[in-house]
Amino acid sequence: MAYSPKVVEHYEKPRNVGTFGTQKEIHERKDVGVGLVGAPECGDVMQLQIKVDDDGKIEDAKFKCFGCGSAIASSSLATEWLKGKELDEGLEIKNTQIVEELSLPPVKIHCSVLAEDAIRAAIADYKEKNGIASDTKAHSH
Amino acid sequence: MAVTLPIYLDHAATTRCDPRVVDAMLPLFTENFGNPGSRNHSFGWNSEDAVDTARRQVADLIGADPKEIVFTSGATESNNLAIKGAANMYARKPAGQTGRGHIITAMHEHKAVLDPCKRLEKEGFDVTFLEPGTDGLITKDMVESAMRDDTILVTVMWANNEIGTINEIPEIGALCHDRGVVFHTDATQWVGKMPTDVKRDNVDLLSLSAHKMYGPKGVGALYVRRRRPRVRLTAIQEGGGQERGLRSGTLNVSGIVGLGKACELCAEEMDSEQQRLLKLRKRVEDKISASLDVIQVNGHADKRLPHITNISFGFVEGESLMMAVKDVAMSSGSACTSASLEPSYVLKALGVGDDLAHSSLRISFGRWSTEEEADFAADKIIEAVGKLRELSPLFDMHNEGIDVSKIEWNTH
């Protein structure tokens with residue numbers, strides 16, 4: 001199966017790879033929201049982190065991903081889109097937009113769903129840490 | 001010597017047809033095109049001669065008599081004919097009833113063995129799917145403990161296609177002969193690479209395929225033992241009665257001639273080729289083991305084919321790994337491209353964890369593989385694993401002393 005040029009581009013030059021600290025640190029930092037979704041036995045694990053400034057804006061985002069090229073590209077794209085957004089704007093990112101942007105084939109749609117889940121989980125984590133009411137939960141499958 | 005890209009290291013999937021094989025085949029298309037079934041003119045006789053030569057070449061490679069070779073369209077057909085044909089011939093009760101007899105096979109057989117066995121299960125036979133050891137082997141003892149009074153057929157592959165492990169075929173064959181049970185082996189990956197003698201090795205039925213040994217696709221053979229014991233089969237495909245009624249249909253003469261030539265070449269070059277391939281395999285395994293931690297070479301350390309290796313890389317997913325090593329054609333144990341997301345059932349049968357089963361590569365060498373290619377592939381793999389581990393949240397957790405298997409994952 002051939003990958004689309006955009007998937008290859010993100011895979012070869014992934015944006016915003018990294019973490020805002022050790023596992024312990026990122027779970028303690030209040031200005032960081034962490035979303036860890038997927039499972040090793042499914043062949044996909046995404047860790048998405050957002051760093052939120054005092055005005056509630058996502059000033060930075062980072063990811064790490066264990067998964068196929070499409071999963072890596074989806075999470076890389078998600079970090080790009082999240083930067084500079086308000087929290088609730090971040091929640092408006094939909095998996096279908098990722099599918100469209102990366103021209104993902106049907107067998108890879110789950111990668112985009114996982115990326116959307118990771119975004120929601122990271123935002124929910126930030127809100128929970130900071131006592132902000134949240135009515136959106138990560139999808140469960 | 002520089003390498004030419006892309007490099008082909010997927011010889012367990014298929015091989016390049018040897019140009020000497022192609023040369024042998026070409027006259028059969030345009031000059032010597034007769035039907036070997038035409039008994040009353042020279043076109044038919046010439047064609048029959050070509051098939052006879054090929055039948056002898058195949059028989060010689062495996063220590064059989066030419067009369068014991070049935071040409072088929074490949075190993076899948078050979079397996080179907082052997083398994084369904086023997087089961088129906090030696091059934092204890094007629095079709096439509098249960099308790100028709102017991103069949104023993106293994107969980108990590110090729111689908112072309114598993115699916116015929118599952119079909120027979122639906123048709124009233126009992127099937128035992130043996131679980132291999134963590135080294136991937138099926139032993140004589142495993143088969144012996146599964147034997148029952150009503151066992152009629154044992155089918156165990158000679159060497160596994162994903163990991164290259166070699167089962168105890170001569171010993172299992174001896175056991176079957178003691179018990180009066182028919183013994184079939186799918187030898188697709190074995191024949192042509194390793195010395196084979198169906199008489200000495202106690203095999204009753206053996207499947208082989210041309211395209212795994214530098215011959216053309218779409219042709220193979222089934223060895224059917226004629227003496228001590230004489231094995232009988234119920235034909236699946238009926239019609240003109242070719243191949244002593246076991247496989248009707250006009251013979252694929254060009255393909256058969258190609259198979260024969262491929263067998264002859266494999267026999268001539270086997271000893272030196274075996275040593276050469278083993279060196280290539282060890283070279284890659286040693287290079288990778290020396291440079292990377294948390295990897296495992298799957299299957300028994302020594303009881304393996306010289307040309308196949310299967311390596312799992314912790315914290316890295318197989319498909320992304322292949323994408324990073326795109327100049328080298330290999331096979332991934334992960335089936336992430338399928339909707340099921342299931343990792344290799346072969347590796348799972350060995351007890352390889354789901355995470356590692358998703359992270360495996362099968363590298364298989366062949367007649368034209370070189371040391372330079374092996375080095376290039378190993379270097380690329382090492383570089384790619386390093387890059388992907390930088391990206392991997394699991395690798396971070398591992399480095400921070402977190403046991404990834406203890407995390408409660410939100411599985412889909």
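## Packing of H3 and H5 in chain A

In this predicted model, helix H3 (residues 69-82) of chain A and helix H5 (residues 95-102) of chain A pack at an angle of about 115°, with their axes 11 Å apart. H3(A) and H5(A) are therefore roughly perpendicular to each other (the class covers 65 to 115 degrees; under 35 counts as roughly parallel, over 145 as roughly antiparallel, and the rest as oblique). Axes are lines fitted to C-alpha atoms, for helices over the stretch in contact, and angles run from 0 to 180 degrees between N-to-C directions. Helices (H or I, at least four residues) and strands (E, at least two) are DSSP runs, numbered from the N terminus.

Ser70(A), Ala73(A), Ser74(A) and Leu77(A) of H3(A) meet Ile98(A), Glu101(A) and Leu102(A) of H5(A), contact being defined by C-beta atoms, placed from the backbone, that lie within 7 Å. By class, this contact has four nonpolar, two polar and one charged residues. Ala, Val, Leu, Ile, Met, Phe, Trp, Tyr, Cys and Pro count as nonpolar, Asp, Glu, Lys and Arg as charged, and the others, Gly among them, as polar.

## Packing of H1 and H3 in chain A

H3(A) also packs with helix H1 (residues 5-12) of chain A: their axes come within 8 Å and cross at roughly 75°. That angle makes H1(A) roughly perpendicular to H3(A). On H1(A) the contact is made by Val7(A), His10(A) and Tyr11(A), and on H3(A) by Gly69(A), Ser70(A), Ile72(A), Ala73(A), Ser76(A) and Leu77(A). The contact of H1(A) with H3(A) has five nonpolar, four polar and no charged residues.

## The hairpin of chain A

Strand S1 (residues 32-39) of chain A is mostly covered, with seven of its eight residues buried. A residue is buried if 20 or more other C-beta atoms lie within 10 Å of its own, exposed if 12 or fewer, and partly exposed in between.

S1(A) pairs with strand S2 (residues 44-52) of chain A in the antiparallel sense over eight bridges; pairing requires that DSSP finds at least two bridges between the strands. Across this pairing, Leu36(A) has Gln47(A) in S2(A) as its bridge partner. The two strands form a hairpin with four residues between them, and Gly43(A) in the turn has a positive phi of about 85°.

## The sheet of chain B

Seven strands of chain B form an open sheet with mixed pairing, in the order S2-S8-S7-S6-S5-S3-S4. Its edge strands are S2 (69-72) and S4 (126-130), each pairing on one side only. From one strand to the next, the twist averages 20°.

Within chain B, strand S3 (residues 102-106) and strand S5 (residues 151-155) pair in the parallel sense over three bridges. There, Ile103(B) has Leu153(B) of S5(B) as its bridge partner. Helix H7 (residues 169-179) of chain B lies across S5 and strand S6 (182-186), running at about 160° to S6(B).

## Backbone features

Ser103(A) is not a glycine but has a positive phi of about 50°. Ser103(A) lies in the loop between H5 and helix H6 (109-129) of chain A, and counts as partly exposed because it has 13 C-beta neighbours inside 10 Å. Val294(B), also not a glycine, has a positive phi of about 50°. Val294(B) is found in the loop between H8 and strand S9 (295-297) of chain B; with 15 C-beta neighbours inside 10 Å, Val294(B) counts as partly exposed.

## The interface

In the interface, 28 residues of chain B are in contact with 26 residues of chain A. Elements of chain B that give two or more residues to this side are helix H9 (318-324), helix H11 (354-357), helix H12 (371-391) and helix H13 (393-399). H13(B) gives the most, with four residues. The residues of the side of chain B that touches chain A divide into 13 nonpolar, eight polar and seven charged.

## Conventions

Residues are numbered from 1 along each chain as its sequence is written, while chains are lettered from A and ligands numbered from 1 in the order in which they are written. As the model is predicted, local features need pLDDT of at least 70 and side-chain atom pairs count only at pLDDT 80 or more, whereas totals for chains, interfaces and linings use all residues.

Definitions and conventions. Contact = placed C-beta atoms within 7 Å.
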